[in-house]
Amino acid sequence: MNNLLILLMLLPMLGALLLVFIRKRNLLSRILSGGVMAVTTILALCLLIYVMNHKPLVLDFAGWRAPFGIQFVGDPLSLLLVTTSSFVVTMIIAYGFGRAEKRAIRYYLPSFILFLTVGVIGSFLTADLFNLYVMFEVMLLASFVLVTLGQSVEQLRAAIIYVVLNILGSWLLLLGIGLLYKLTGTLNFSHVAQRISELNDNRTVLIISMVFLVAFASKAALVVFMWLPKAYAVLNTELAALFAALMTKVGAYALIRFFTLIFDSYAEITHPLLVFLACLTMIIGAFGVLAYRDIKKIAAYQVVLSIGYIILGLGSHTFEGVNGAIFYLVNDIIVKTLLFFIIGALVYMTGYRQYRSLYGLARKEPFFGVCFFIMILAIGGVPPFSGFPGKLYIFNGAIENGNYIGLALLIITSLIAMYSLFRIFFVMYSGDEENGKEIKYNRIPRYRKGVIVVIAGAVVLLGIFAPAVFKVTSEATHLNLDDGVYEQTVNPHLVKEDDRQ
């Protein structure tokens, strides 16, 4: 069963390579890429169910046990995120590239999407520091290609900012890995966590944790968000949805993993700083969603806001707060995909990105009104939609930790997020055509509407079946937050060896 973990990476990797050779056959390329990701989603879900009923899956390559070999771990946190990410990528591939599909295939975009997915899945599954860096680089190299393939000056400018900031983040990550290895003499997550808990050199560990915090913050758009609005605004619908769903979420996952498992010994210093950065991020996101009339940039700042919520839950350093952060991370992967699908569809239909120029769509496309309304309620955290359970737990974690400023910002910025989308909703769907010209719009293909319906349905179902999902997130929180549990569960032989020494 442990060996099945490698298939979660191997399937999209082989699919990406095969797409290179059949790229001139559009239908076959779409069937292959979509089929590969659908199988990956099902496999990840089956492994998640197995892990919940048994124990985490541990794969030591070539039989070399940690800390000497490469190790992958399928625990509830990693497999839940792999399942969600694979599902979203399947939907993005099913959505397709529309009129630009031939050009997209000519530029190998489907292959690079699958390569990016390999990096994302590998980042979730790897259990050692250096391979985390390798998987980040696989993901980023594919994303560099995807963000730079275009012909506009605006896209080139956005790509330069995106590439430079992510390269700087990667350098900091590599620096942090080197410093941590010098301090502990190991790269395996569980072994590093065990060695740090035995150290008395608080100052050195604290400095190293700050290096990792800045490195992961640059990738999660935690305060260091400059690359995000410009990059997301110039991408087409499918790639914008892909980036919004996955790129910042891998950084958020890394922050959750590292600051619960490895750097939790000095929570009295690191976690208040996380809360402070989360509050700054929420404020920045709130100003962003209010300041722009460009609906793509409003959607981009919604991504920034959600990162603030996730890190606020992590910074509370309570069971409920971290549990809510993990749930909201899963929710946000799906909701932001829906957000960028709908926004992209509206831009495609009308040719406009300024929402005040769009009137009269209510009578023409009521379908989008329903989906848009569901999305607003989910982003705002209105029960029973999927945003509510995660925010409720983050809310409780903030109360338990006495973080009332963060709590107030969570409530206020959630209302601002809803307001920014409701004003689009009312102008676009209830606006008076006399205040603006009637738009001649392109029709959205039915299969694309079907994809949007599936994603909207997932948002509703995630809210309804939240108790079942919380069983997974609670197990993930327990495994990572409680002292020594991850080490004893994943690599008990390392604990015994250190005890003997």
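What follows is a short chat about reading some features of this predicted model.

Trainee: Before we start, what should I know about the numbering and the model?
Mentor: Residues are numbered from 1 along each chain as its sequence is written. Since this is a predicted model, local features need pLDDT of at least 70, side-chain atom pairs count only at pLDDT 80 or more, and totals for chains, interfaces and linings use all residues, while side-chain values use heavy atoms, with hydrogens and water left out.

Trainee: How many helices and strands are in the protein chain?
Mentor: Helices (H or I, at least four residues) and strands (E, at least two) are DSSP runs, numbered from the N terminus. Here you get 21 helices and two strands.

Trainee: Is Ser-190 buried or exposed?
Mentor: Buried means under 20% relative accessible area, exposed over 50%, and partly exposed in between (1.4 Å probe, protein chains only). Ser-190 has 2%, so it is buried. Across the chain, buried residues make up 61% of the 501.

Trainee: Where does Ser-190 lie, and what is it in contact with?
Mentor: Ser-190 lies in helix α8, residues 189-198. Contact means heavy atoms within 4.5 Å. Leaving aside neighbours within four places in sequence, Ser-190 is in contact with Tyr-486, Glu-487, Asn-491 and Leu-494.

Trainee: Which side chain has a polar contact with that of Ser-190?
Mentor: A polar contact is a pair of N or O atoms within 3.5 Å; within protein, one must be able to donate a hydrogen and the other to accept it, and residues adjacent in sequence count only if both atoms are side-chain atoms. For Ser-190 the partner is Asn-491, at 2.7 Å.

Trainee: What about backbone angles?
Mentor: Most residues other than glycine have a negative phi, and most peptide bonds are trans. Ala-221 has a positive phi of about 65°, and Val-223 has one near 70°. Both Ala-221 and Val-223 are found in the loop between α9 and α10. Ala-221 is buried at 0% relative accessibility, whereas Val-223 is partly exposed at 24%.

Trainee: Where are there cis peptide bonds?
Mentor: One runs from Ala-66 to Pro-67, with omega near 10°; Pro-67 is in the loop between β1 and β2. Another joins Pro-383 and Pro-384, with omega about 5°.
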